[in-house]
Amino acid sequence: MDLQVRRVVTVVVCLLATLLLVAGCPKAPEDESSLGAGMPTRPTKPALTGEPIKVGAIFSVTGTAGAPLGTPEKETALMVEEMVNDSGGINGRPLKIIIEDDQSDNTQAATAAKKLIEADQVVAVVGPTLSGTTLAIVDTFEKAQVPLISCAASIKITQPVKKWVFSTAQPDVLAVARLMEYLKAKQIKSIAVLYDSNPFGKSGAEVLDKQAPENGIKIVAKETFESKDTDMTTQLTKAKAANPEAVICWGTNPGPAIVAKNMKQLKMSIPLFMSHGVANRKFIELAGDAAEGVVFPAGKLLVAETLPETDKQRQVLLDYSKAFQGKYGKSADTFGGHGWDALQLVIQALKQVGPDRAKLRDAIESTKDFVGISGVFNLSPTDHNGLTKDAFVMVTIKGGNWTLAEQ
Amino acid sequence: MDGSGLPQFIATGITQGAIYALVAVGFNLVYSATGIINFAQGEFVMLGGMFAVTCYSMLHLPLALAVVLPIAAVMLVGAGVHYFTIRPLRRAHLLTLIMVTVGVSVALRGLAKVVWGADAYPLPPFSAGESLSLAGANINPQSLWVMACAAATGAALTLFLRCTLQGRAMVACALNRRAAQLVGIRVERMHMWAFALAGGVGAIAGSVLAPIALPSYDVGLALALKGFCAAVLGGIGSNAGALLGGVLVGLLESLGAGYVSSGYKDAFAFFVLLLVLLLRPSGLLNVPTRREER
C-alpha cells in the first residue's frame with residue numbers, strides 16, 4: 001500500500017509541478033528585457049556631479065490588494081530615474097529614487113514613510129499605491145512637512161485639502177461626471193445601477209446617487225452583488241422590470257464581466273455602461289463577446305492611438321507607452337501612469353526651486369497646465385489633484401479592442 | 001413588482017442550486033467514509049476550474065480534454081491531501097481532522113494564488129449557442145450542463161455507495177471503523193479513495209461552473225460555505241438530500257435577492273443554515289446522522 005500511495009504522490013507532485021511551470025511561464029517577461037539590457041550600449045551620458053537628490057517612493061509591490069497596481073508604478077519609477085539621469089539629471093545633479101514596498105499594508109506604509117523621511121532625508125515622497133495606505137500616513141507627512149504625492153484615487157486624500165498632500169489619480173467623482181455628461185448627450189433619462197459590494201463599487205454607487213438627480217437622470221433600480229458572486233441574472237431581472245433606458249454597472253473584475261454575460265443571456269438590449277474599473281485587458285478576456293459595445297469612462301492611455309492629433313495628451317501618452325513597452329516588454333497601464341505623473345510633478349518642481357521641501361511644496365501646488373498621463377493638471381491651494389472630468393474619455397469595446405465611443 | 005421576474009428567479013435559483021448541490025455531494029462523500037467535514041471541498045472546486053482553464057488556454061488542449069483531465073488531477077490532489085495531512089493523524093480526534101481540512105483549504109488557496117495570481121480566468125461554454133427562452137426565463141445552455149452534471153454525479157455516487165462492494169466498504173468505515181477493519185476492509189485506503197473521489201466531484205463542479213463563474217484562486221470558500229448549507233439542509237450524508245438542499249438554498253437566495261434585497265443575498269442562505277442546525281439538525285430528509293464510534 002505504501003508503495004502504491006507513494007507512486008500516487010509522486011504523480012501528484014509531478015503534475016502540480018508541471019502546472020506550476022506552465023502557469024508560471026508567461027509571467028516572466030522581465031527576463032527578456034533584462035537579457036537585452038545585459039550589456040549596456042547606451043550613448044555616453046553627460047557626467048553628473050554633486051550629491052544625488054533623493055526622492056522617496058512607497059509602492060505596494062507585493063500584497064493582495066496592491067501588487068497589480070504597485071508593480072507598474074515601481075517599474076515606471078525605475079524608468080524615470082534612468083531617463084532623468086541619462087538626460088542631464090536635475091540641473092546637473094543626479095536623481096536617486098528610493099523605493100520602499102509597503103506590502104499593501106498600512107503599518108508597513110507607516111514604517112516606510114518614517115524611514116524615508118528620517119533616515120533617508122528625502123525631499124519628497126511619491127505614492128503610496130492604495131487609498132488605505134495613503135490615508136494611514138497622511139498625518140506623518142503633515143507633521144514632518146514633507147510633500148507627499150499619492151497615486152491613489154480616494155477623494156478623502158485631497159478633500160479636505162491637506163497642505164502637504166497631493167494625488168495624481170483621477171477620483172471616481174470625475175468618472176461619474178464624465179459618464180453623466182455622456183448619458184445626457186444620449187438623452188438617457190432613467191438608469192438601473194448594479195454595483196459591486198467592495199469599496200470601489202460602493203463609493204461609485206454613492207457618487208452616482210448624488211450626481212444622477214443633479215443631471216436630471218432617475219435611478220429606477222439599484223441592486224448590489226458580492227465580488228465573488230457567480231450569477232447576477234436575479235439582479236438584472238429586477239432591474240429590467242423597472243424599465244430603465246440603460247444599465248450602469250460599477251465594479252472591478254470579475255463581477256462586471258458576469259453582468260455583461262448575464263445581460264446577453266437575458267437578451268437585454270439596452271445599453272450597458274461601466275466604470276473605469278474595467279479599463280483593462282482582463283475584462284475583455286473574461287467577458288468575451290459580451291464585452292462588445294460596453295461603454296465606460298477611462299483614462300486616455302487606453303485609446304492613445306485613436307485620439308485626435310489635436311489632443312494635448314496624445315504625444316505624452318504615446319511616448320510613455322513606447323518607453324514602457326520598450327523597457328519591460330509589456331503594455332503600460334493607468335497605474336504606472338499615476339506613478340509617472342507624480343514623479344514628473346516632483347521633478348518639474350525640483351528643476352524650478354531645487355531640493356527644499358517647503359519651496360518644493362509651493363512649486364507643486366502652483367503647477368499649471370502640466371500634461372500628464374492621467375490628464376492635464378492644474379493645481380491650486382484649493383485643489384491638490386488638479387484634474388477635471390476631461391481627464392476621462394468615453395471608451396467602447398469593438399472587435400475585442402478599445403475605441404473612442406461616438407459622442 | 002409584478003410576477004414577470006419569477007420564472008427567471010427560479011431558473012437562476014436552480015442553476016446556482018445545482019452548483020451548491022455538487023459541492024454538497026463532495027462533502028457527503030468524505031463524510032460518508034470518514035465522518036470528516038472536509039472544508040477543503042471548495043478548494044477542490046476551485047482547482048478543478050483552474051486546471052481546466054490552464055489546460056485549455058495555456059496548454060491549448062481541446063475543450064473536452066481540458067474538462068476531463070482536471071478530474072483526474074484533482075483526484076490526485078484529494079488523495080494527496082489525505083496521504084499528507086489526514087493519514088498521519090489517523091489517531092487524532094475527528095474535530096482535529098476537521099480543523100486540519102480548514103488548514104488544507106487555506107494552504108491550497110495560497111498555493112493557487114502563487115501559481116495563478118489574483119486574476120479570474122475565462123473558459124468557453126461546453127456547447128455554443130444563444131440562451132434558451134423557456135416559460136419566460138432565459139437559460140444559458142451551460143446552466144443545463146450544470147444541472148445535468150449535478151443530477152448525474154449525485155445519482156452515480158448514490159449507486160456506488162449503496163450497490164458496489166467498494167462503496168459499501170467505504171460506508172462501513174465510517175459506521176464502525178474497528179468492525180470494518182475486523183472484516184478485512186483496508187480503512188486507510190478507503191479513506192484515501194473517499195478524498196480522491198471528493199476531489200473528482202469537486203473538479204467536475206469546478207470545470208462545469210468555470211464558463212459561468214470565471215474562476216479565480218479565492219472562489220472556493222464561498223462555494224464551500226453554500227455547499228455546506230446545502231448538505232446540512234438536505235441531511236448530511238444523503239445525496240438526494242444534497243440535491244434538494246442545494247436547489248433550496250439556490251432558490252432561497254435568488255428569490256430573496258429578487259423580492260427582498262440583493263444586499264442580503266448571502267444572509268438568506270446562512271440564516272436557513274442556522275435555523276436547520278437549531279431546529280432540525282438531522283436535515284430535511286431526516287437521515288439519521290451517522291456517527292463514528294467513540
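Okay, let's start with a word I'll keep using: a residue is buried if 20 or more other C-beta atoms lie within 10 Å of its own. By that count, 51% of the 407 residues of chain A are buried. And keep in mind that what you're looking at is a predicted model.

Let's stay with chain A for a bit. There are 13 helices and 14 strands in it. If you take the contacts in chain A with a separation of 6 or more, 68% of them join residues 24 or more positions apart.

So how is chain A divided? Into two domains: domain 1 takes in 53–170 + 315–388, and domain 2 takes in 173–305 + 392–404. Their C-alpha centres lie 30 Å apart. Where the two meet, 12 residues of domain 1 of chain A and 9 residues of domain 2 of chain A make the contact. On the domain 1 side, the elements giving two or more residues are α11 (314–328) and α12 (334–353) of chain A, and α11(A) has the largest share, with 3 residues. That side of domain 1 of chain A is made up of 6 nonpolar residues, 6 polar ones and no charged ones.

Now let's zoom in on one residue, A:Val176. You'll find it in helix α6 of chain A, residues 172–185. Is A:Val176 buried or exposed? It's buried, because 28 other C-beta atoms lie within 10 Å, and the cut-off is 20 or more. Who does it touch? Leaving out residues up to four places away in sequence, A:Val176 touches A:Gly204, A:Val207, A:Leu208 and A:Gln211. A:Ala77, on the other hand, sits 99 residues from A:Val176 in sequence and 29 Å from it in space, C-alpha to C-alpha.

Next up, the partner. How many residues of chain A are in contact with chain B? The answer is 37, and they meet 44 residues of chain B. On the chain A side, α1 (2–24), β7 (218–225), α8 (233–241), α9 (255–265) and α10 (281–287) each supply at least two residues. α1(A) gives the most, with 10 residues. Sort that side of chain A by class and you get 19 nonpolar, 10 polar and 8 charged residues.

On to chain B itself. It has 11 helices and 2 strands, and from the N terminus on, the order is α-α-α-α-β-β-α-α-α-α-α-α-α. Of its 294 residues, 57% count as buried. The C-alpha trace of chain B spans about 60 × 50 × 35 Å along its principal axes. A compact globule with 294 residues would have a radius of gyration near 19 Å, and chain B has 19 Å, so the two agree. As for its contacts with a separation of 6 or more, 76% are between residues 24 or more positions apart.

Last stop: a pair of helices in chain B. Two packed helices are described by the angle between their axes and the distance between the axes. Helix α3 (residues 63–86) and helix α8 (residues 187–213) of chain B pack at about 145 degrees, with their axes 7 Å apart. The crossing of α3(B) and α8(B) is right-handed. Among the residues making this contact are B:Val74 and B:Gly78 from α3(B), and B:Gly199 and B:Ala203 from α8(B). By class, the contact of α3(B) with α8(B) has 16 nonpolar, 8 polar and no charged residues. That's it from me, thanks!

Notes: Residues are numbered from 1 along each chain as its sequence is written. Chains are lettered from A and ligands numbered from 1 in the order in which they are written. This is a predicted model: local features need pLDDT of at least 70, side-chain atom pairs count only at pLDDT 80 or more; totals for chains, interfaces and linings use all residues. Domain bounds come from an automatic or database domain assignment. Two residues are in contact if their C-beta atoms, placed from the backbone, lie within 7 Å. Helices (H or I, at least four residues) and strands (E, at least two) are DSSP runs, numbered from the N terminus. Ala, Val, Leu, Ile, Met, Phe, Trp, Tyr, Cys and Pro count as nonpolar, Asp, Glu, Lys and Arg as charged, and the others, Gly among them, as polar. The radius of gyration is taken over C-alpha atoms; the globule rule is 2.2 Å times the number of residues to the power 0.38. A residue is buried if 20 or more other C-beta atoms lie within 10 Å of its own, exposed if 12 or fewer, and partly exposed in between; C-beta atoms are placed from the backbone. Axes are lines fitted to C-alpha atoms, for helices over the stretch in contact, and angles run from 0 to 180 degrees between N-to-C directions. A crossing is left-handed if the near helix is turned anticlockwise from the far one by less than a right angle, and right-handed if clockwise.
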